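This report is an introduction for someone meeting the structure for the first time. Please look over the sequence and the model before reading on.

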Amino acid sequence: MAVPSASAESAESFASSESFASPGSSAAPDLSTSTEPVVPAQSARWPESVPADPVSPGPAVVDVRARITELRLSAFAGHRRAAFPLGAVTLFAGPSGAGKSTAFGAYEALARLGGGVRLAEVFPDPVACVPERARPDAEGRRGFRIGCTADGAEGPVRLDVAVQAEPQLRIVGERLTARGVVLLETALRDPGRRTVQAAWHTAGSAPVTRAPLPDDRLGTALLPLRVAGKTDGQRHVLAAAEQMVVALRSVFVCDPRPEYMRTPVPTGTGRLMPGCDNLADVLWRTRFECGRRHSALVEALRAGCAGPVTDLVAEPLADGTVRALLDRGDGFRTELARLGDGELRYVALALVLLTGPGVLHMDTPGEVPDALRSLTVLADGFDRGLDPGQRRALLGTAARMGERGHIRCVGAVSDASWAAGTEGVTVVHLSP
């Protein structure tokens with residue numbers, strides 16, 4: 001069944017002008033950077049067209065796992081009209097000031113929005129996300145635009161979001177597209193209300209459904225609660241929205257902090273924190289729950305830790321805490337507290353890459369089978385403190401896990417020349 005555009009009466013004007021709103025309505029402000037004195041206020045523009053998915057000449061195996069395959073920073077801090085491909089393992093490379101951390105911040109922000117977090121929690125300092133040269137319009141409005149593409153069973157699904165940072169923080173436009181069709185679009189019609197007007201496919205007795213949505217949450221994340229799924233069009237909208245939300249929620253931001261990994265920790269949930277502070281507690285759990293992955297971890301540590309390594313163990317102490325130790329195989333054990341910062345970061349990142357979402361402190365979409373999810377590890381400063389041997393060994397571990405499809409990795413490095421030629425690794429070069 002053919003599925004009509006979410007704004008049927010304005011489909012033609014949408015394709016040509018790319019406005020969030022229908023003709024005659026109050027549109028969202030243009031949130032692009034500009035060298036002109038004033039940014040026009042009546043259109044928030046996206047790329048000129050959304051290409052339809054290419055038709056494969058023959059049968060192919062479709063990877064149904066939801067994962068983010070492109071990050072777009074149309075106008076965000078120091079980035080403008082930027083689109084970054086994301087493979088199974090992706091390294092953002094560039095000197096200080098090139099925008100690596102900015103790109104990671106946008107990715108993390110999209111992930112949190114996909115998890116239903118409110119806009120003010122995601123962007124505590126939204127003005128810092130506005131491009132430096134963006135001028136306010138006549139009403140003092142400025143903002144930024146970010147987006148991504150999630151691939152999976154529904155094919156590529158695109159999400160683009162326009163956020164107003166001044167004078168009030170709010171989402172002023174959002175668009176979800178798949179198979180060349182706009183499935184959801186929202187627009188700020190009345191600046192005096194804290195809502196946006198949303199339109200999504202129905203493809204039943206009425207071609208679209210219109211309803212207000214809050215302007216401080218991602219509309220795509222709310223669709224599963226608003227769409228009944230009674231028509232083909234509604235089911236298409238639901239499938240695309242769920243694929244995007246699952247891909248965004250399956251992100252674990254990891255930045256190991258060696259200074260907190262050296263002390264014994266209380267036993268708790270056994271779920272690894274983003275800073276890997278409670279690594280010893282997690283080892284206490286994983287060593288017995290998954291012997292195969294633990295053996296793989298020990299094998300990885302032999303390549304990244306000085307001296308012989310036969311095991312990595314967790315030892316409970318009398319005060320109720322637990323500490324981690326390297327077993328040297330000769331009856332001697334080394335506390336992790338004695339390891340250098342680089343070794344500790346290597347141990348932590350290797351554990352993250354070799355484990356699963358059930359062991360990480362993250363909000364996983366538990367209603368979705370593991371076969372439909374692909375965990376993405378987001379590691380800013382991927383090679384921080386690592387020597388050449390450690391970073392190559394860690395990248396090799398990431399590449400092997402990425403080849404299996406369940407664990408993906410996006411890391412930031414200052415120089416990626418050492419990663420050249422590593423199979424399965426995508427390098428994105430940035431410059432200031």
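## Overall make-up and confidence

The secondary structure of the chain comes to 10 helices and 17 strands, and the model that shows them is a predicted one. Of the 432 residues of the chain, 54% count as buried, and the accessible surface comes to about 18,600 Å², with 52% of that surface belonging to carbon and sulfur atoms. Among contacts with a separation of 6 or more, 62% are between residues 24 or more positions apart.

The average pLDDT of the chain is 84, and 83% of the residues score at least 70. Residues 1-56 should be read with this in mind, as pLDDT stays under 50 over that stretch, for which the model has 141 contacts beyond four places in sequence.

In soluble globular proteins, nonpolar side chains tend to be buried together. In this model the largest nonpolar core has 66 residues, of which Ile68, Leu73, Phe84, Phe92, Phe123, Leu176 and Met244 touch the most other members. The largest share of this core, nine residues, is supplied by helix H5, which covers residues 232-249. A second, separate core has 57 residues, including Cys276, Val322, Ala324 and Val377.

## Helix H2

Helix H2, made up of the 15 residues 100-114, reaches 21 Å from its first C-alpha to its last, which is close to the 21 Å expected at 1.5 Å a residue. Its buried residues are Lys100, Ala103, Phe104, Ala106, Tyr107, Ala109, Leu110, Ala111, Leu113 and Gly114. After H2 comes Gly116, which has a positive phi near 90°.

At the N-terminal end, H10 is capped by Asp387, a side-chain oxygen of which lies 3.1 Å from the backbone nitrogen of Gly389. Just after the helix, Gly405 takes a positive phi of about 95°.

The buried residues of H10 include Leu394, Thr397, Ala398, Ala399 and Met401. Which elements do the buried residues of H10 pack against? They pack against helices H8 (291-304) and H9 (341-354), and against strands E3 (89-93), E16 (407-413) and E17 (425-429).

Leu353 and Ala399 are 46 residues apart in sequence, while their C-alpha atoms are 9.8 Å apart in space.

Thr286 is placed in helix H7, which covers residues 279-289. With a relative accessible area of 11%, Thr286 is buried as well, and, once residues up to four places away in sequence are set aside, Thr286 touches His294 and Val359.

Definitions and conventions:
Residues are numbered from 1 along each chain as its sequence is written. This is a predicted model: local features need pLDDT of at least 70, side-chain atom pairs count only at pLDDT 80 or more; totals for chains, interfaces and linings use all residues. Side-chain values use heavy atoms; hydrogens and water are left out. Buried means under 20% relative accessible area, exposed over 50%, partly exposed in between (1.4 Å probe, protein chains only). Helices (H or I, at least four residues) and strands (E, at least two) are DSSP runs, numbered from the N terminus. Contact means heavy atoms within 4.5 Å. A polar contact is a pair of N or O atoms within 3.5 Å; within protein, one must be able to donate a hydrogen and the other to accept it, and residues adjacent in sequence count only if both atoms are side-chain atoms. pLDDT is the predictor's confidence in each residue, from 0 to 100. A nonpolar core is a set of buried Ala, Val, Leu, Ile, Met, Phe, Trp, Tyr and Cys residues joined through side-chain atoms within 4.5 Å. The expected span of a helix is 1.5 Å times one less than its number of residues. Accessible areas come from the Shrake-Rupley method with a 1.4 Å probe; for residues, only the protein chains shown count as cover.
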